[in-house]
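User: I have a model open and want to go through it. Can you take me through the layout before the details?

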Amino acid sequence: MIPTLIRSTSASSLSRSLRHLLPEKLPPSLAGKPGNLYQVLSRTPDGGVGKEVYQMRWNNKQIEDSYWKVTRSRFKCQGMHGKVWGLLYWKGKLVSPHEEVIRGGLKYTWAEGRSRLLAPSTRPGQLAS
């Protein structure tokens with residue numbers, strides 16, 4: 001039990017030390033937040049090839065387990081623009097076995113991973129069913 005306590009204590013102190021050394025606002029290369037498709041993928045090694053990305057709006061539309069698997073990418077303007085190709089998986093199933101250009105890279109907000117259902121929020125005075 002004591003080694004576990006020491007490990008968790010040292011891990012938290014290491015985390016605090018690193019946070020103290022980093023600037024308050026992290027540079028885009030270290031921030032793991034959603035953004036346009038090119039910003040999200042340009043932060044990853046190899047331009048995001050092999051990564052799964054999805055449009056954040058799919059969560060709000062209750063579209064589960066849908067994503068693009070990136071096969072290649074080309075960036076311009078320091079990762080703010082570009083072109084990305086991939087395979088679309090819609091509700092867990094491969095839509096087309098052929099690579100295609102991923103549309104809406106600048107228009108929508110993207111994140112790494114797969115879309116998932118959001119827990120229904122309850123408003124005050126509303127009963128959860």
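Predicted model: local features only at pLDDT ≥ 70, side-chain atom pairs only at ≥ 80, totals over all residues.

User: In what order do the elements of the protein run from the N terminus on?
Analyst: The order is α-α-β-α-β-β-β-β-β, that is, three helices and six strands. Helices (H or I, at least four residues) and strands (E, at least two) are DSSP runs, numbered from the N terminus.

User: Which strands does strand 2 pair with?
Analyst: Strand 2 (residues 67-76) pairs with strand 1 (residues 52-55) in the antiparallel sense over two bridges. Strand 2 also pairs with strand 3 (residues 81-90), antiparallel again, over nine bridges. Two strands pair if DSSP finds at least two bridges between them.

User: What stands opposite what there?
Analyst: Trp-68 in strand 2 is opposite Val-53. Arg-72 has Trp-85 in strand 3 across from it.

User: And how many residues are between strand 2 and strand 3 in the hairpin?
Analyst: Four. Cys-77 in that turn has a positive phi of about 55°.

User: Switching to Asn-59. Buried or exposed?
Analyst: Buried, with a relative accessible area of 4%. The classes are buried under 20% relative accessible area, exposed over 50%, and partly exposed in between (1.4 Å probe, protein chains only). Asn-59 is in helix 3 (residues 57-60).

User: What does Asn-59 touch?
Analyst: Leaving out residues up to four places away in sequence, Asn-59 touches Tyr-54, Ser-115, Arg-116 and Leu-118. Contact means heavy atoms within 4.5 Å. A polar atom of the Asn-59 side chain lies 2.8 Å from the backbone nitrogen of Arg-116.

User: How much of the protein do buried residues make up?
Analyst: 26% of the 129 residues.

User: And the accessible surface?
Analyst: About 9,400 Å², with 56% belonging to carbon and sulfur atoms. Those areas come from the Shrake-Rupley method with a 1.4 Å probe; for residues, only the protein chains shown count as cover.

User: Of the contacts between residues at least 6 apart in sequence, how many join residues at least 24 apart?
Analyst: 53% of them.

User: Last one: where does Leu-14 lie?
Analyst: In helix 1 (residues 2-21).

Technical notes: Residues numbered from 1 in each chain as written. Heavy atoms only, no water. Polar contact = N/O pair within 3.5 Å; in protein donor to acceptor, adjacent residues only side chain to side chain.
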